[in-house]
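Hi there,

Here is the structure I promised to pass on. Have a look at it first, and then read my notes below.

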Amino acid sequence: MKVLVIDGQSGRMGQVLIERIRAAALPCELIAVGTNAIATSAMLKAGADAGATGENPVVVNCRDADVIAGPIGILAADSLLGEVTPAMALAVGQSPAQKLLLPVNHCKNVVVGTQSMTLSRLMDEAVDLLRAMCPKAE
């Protein structure tokens, strides 16, 4: 199962998510795509199998990902302080992949019905949901 983790700015959210997925030993290929080189580097250091930076890698990898994970802002053009381009948001939104979106309620995106949680708690929930998405060993 191919899991595409997209993050920007410092890449901290993607880094922690990848660390948690690795610690859970989930059977998936982790591809990290940062909106900038710092984010990509952080996710690669966390244990991603491969990484790339920028708009085209987001567009290309959204085509065949089974799961796309990242902050909810990856669905909104110009979010993450302008790092998410319209083409990136479109690629994520149109991808047939299941989306595992972390409801970070800032950058003018507020998700109604969610509780404010620490980054650590968000990651625990994300890993639990991804575990349920992983194919069962036969």
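A residue is called buried here if its relative accessible area is under 20%, exposed if over 50%, and partly exposed in between (1.4 Å probe, protein chains only). By that rule C62 is buried, at 2% relative accessibility, and so is C28, with a relative accessible area of 10%.

Please keep in mind that this is a predicted model, where local features need pLDDT of at least 70, side-chain atom pairs count only at pLDDT 80 or more, and totals for chains, interfaces and linings use all residues. Residues are numbered from 1 along each chain as its sequence is written, and side-chain values use heavy atoms, leaving out hydrogens and water.

The structure has 0 disulfides (pairs of cysteine sulfur atoms within 2.5 Å). For C28, the nearest cysteine sulfur belongs to C134, 5.1 Å away. For C62, the nearest is that of C28, at 16 Å.

In α6, the buried residues are L122, M123, A126, V127 and L130. They lie on the same side of α6, because they cover an arc of only 135° around the axis (taken from the directions from the helix axis to the C-beta atoms). These residues pack against β1, α1, β4 and β5, contact meaning heavy atoms within 4.5 Å.

Enjoy exploring!

Terms used: Helices (H or I, at least four residues) and strands (E, at least two) are DSSP runs, numbered from the N terminus.
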